[in-house]
Amino acid sequence: MAGVNMEHIGRKIREIRLERGKTLKEMGEEINFNYSNLSKVERGLRRPTVELLEKVSKKYNVEINYFFKDE
């Protein structure tokens, strides 16, 4: 994912979470991902993995390309 804006992807994940009324902890539990690391991804401090994006897209029914739109 070289050249991809990590903050943009983090904002997209946060947008999904908030639209569904989830806390970081709730979302983390639902996708089996540490909520502290999820927070870092949302803030652009940690690089999201393809696995994380797949988990979020499957659980919340969004296309994987959603994370890369409107950069």
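Predicted model: local features only at pLDDT ≥ 70, side-chain atom pairs only at ≥ 80, totals over all residues.
Residues are numbered from 1 along each chain as its sequence is written, and side-chain values use heavy atoms, with hydrogens and water left out.

**Ser57 and Ile64**

- Ser57 sits in helix α4, which runs over residues 50–59 (helices are DSSP runs of H or I with at least four residues, strands are runs of E with at least two, and both are numbered from the N terminus).
- Leaving aside residues up to four places away in sequence, Ser57 touches Val62, Glu63, Ile64 and Phe67 (contact means heavy atoms within 4.5 Å).
- Ile64 belongs to the segment after α4, and it counts as partly exposed because its relative accessible area is 36%.
- With residues up to four places away in sequence again set aside, Ile64 touches Leu53, Glu54 and Ser57.
- Ile64 and Arg20 are 44 residues apart along the chain, and 17 Å separates their C-alpha atoms.

**The nonpolar core**

- The largest nonpolar core holds 16 residues, and those with the most contacts inside it are Ile13, Ile16, Met27, Ile31, Leu52, Val56 and Phe67 (such a core is a set of buried Ala, Val, Leu, Ile, Met, Phe, Trp, Tyr and Cys residues joined through side-chain atoms within 4.5 Å).
- Not counting residues up to four places away in sequence, Ile13 touches Met27, Leu38, Val41, Glu42, Leu52, Leu53 and Phe67.

**Helix α1, end to end**

- At the start of α1, a side-chain oxygen of Asn5 comes to within 2.9 Å of the backbone nitrogen of Glu7.
- The helix α1 has 14 residues and reaches 20 Å from its first C-alpha to its last, close to the 20 Å expected at 1.5 Å a residue (the expected span is 1.5 Å times one less than the number of residues).
- Buried residues of α1 are Met6, His8, Ile9, Gly10, Lys12, Ile13, Ile16 and Arg17.
- What covers these buried residues of α1 includes α2, α3 and α4.
- Just after α1, Gly21 takes a positive phi of about 65 degrees.

Terms used:
Buried < 20%, exposed > 50% of the residue type's maximum accessible area, 1.4 Å probe, protein only. Polar contact = N/O pair within 3.5 Å; in protein donor to acceptor, adjacent residues only side chain to side chain.
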